[in-house]
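Hi,

Here is the structure I said I would pass on. Have a look at it first, and then read my notes below.

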Amino acid sequence: MTLFTTGIAAAETREERLAVATEYNDAALADTDMDAMIRTMWEPLVAQFAPTATDDQKTQIHALYVETFEPRMTDLMKKQPEVMADIFTLDELQDLKDFYATPSGRAVMQKLPQVMQAIQPEIMVMVQETLPTIVPKVQEILAPAQ
């Protein structure tokens, strides 16, 4: 079985994988709510460090984040097909593209920022609670041998 699947994978060209990855990525980008994704970047910070921020302040912060990050995030996302073509097989890319062409697949892309928003505060707490313990251990590992 391994020889058979290896032969199929070897018959694929990077150009074929890149073409499918690009189709998938274009569809995913079209369904990505970039505004909501960017909101997930700043809302947890404001909630934690400035819980009394006014709506006007939040609007200004959001505008700043959109101006700062939207072009960069869009550029990064447009580079994904190159990486995907190197990591995924043609069949995997086709399956991804096919899934995201379905209503459920589009819903995943549209709702992903909500998932990120829901877990982001817990991730921040976890990182903040863990850093004091883990940083000294990392420093110890990286310290030159004496």
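Predicted model: local features only at pLDDT ≥ 70, side-chain atom pairs only at ≥ 80, totals over all residues.

Let me begin with Ile61. Ile61 comes out as partly exposed, with a relative accessible area of 25%. You'll find Ile61 in helix α4, which covers residues 55–78. Setting aside neighbours within four places in sequence, Ile61 is in contact with Trp42 and Val46.

Arg39 is worth a stop of its own. Its side chain meets that of Asp35 in a salt bridge, at 3.5 Å from N to O. Arg39 also meets Glu43 in a salt bridge, this time at 3.7 Å, N to O. How far apart are Asp35 and Arg39 in helix terms? They are four residues apart in helix α3 (residues 34–49), so about one helical turn separates them. Arg39 and Glu43 are likewise four residues apart in helix α3, which again means a separation of about one helical turn.

One of the pairs to look at is Glu82 with Arg14, whose side chains meet in a salt bridge at 2.8 Å, N to O. Glu82 lies in helix α5 (residues 80–87) and Arg14 in helix α2 (residues 14–31), so this pair ties together parts that are 68 residues apart in sequence. Glu82 is partly exposed, with a relative accessible area of 40%, and Arg14 is partly exposed too, with 28%. The salt-bridge count comes to six.

If you're wondering about the background, side chains of opposite charge can pair when their charged atoms come close.

One last thing to look at is the surface. Which residues form a negative patch there? Asp91, Glu92, Asp95 and Asp98 do. Asp98 is found in helix α6, residues 90–100, and counts as partly exposed at 40% relative accessibility.

That's what I have for now. Happy browsing!

Technical notes:
Residues numbered from 1 in each chain as written. Heavy atoms only, no water. Patch = residues over 30% accessible without salt bridge, like charges linked within 9 Å, V, L, I, M, F, W, Y side chains within 5 Å. Areas by Shrake-Rupley, 256 points an atom, 1.4 Å probe, with all protein chains shown as cover. Salt bridge = Lys/Arg side-chain N within 4 Å of Asp/Glu carboxyl O. Lys, Arg positive; Asp, Glu negative; His and termini not counted. Charge placed at Lys NZ, Arg CZ, Asp CG, Glu CD. Helix = DSSP H or I, 4+ residues; strand = E, 2+ residues; numbered from the N terminus. Buried < 20%, exposed > 50% of the residue type's maximum accessible area, 1.4 Å probe, protein only. Contact = heavy atoms within 4.5 Å.
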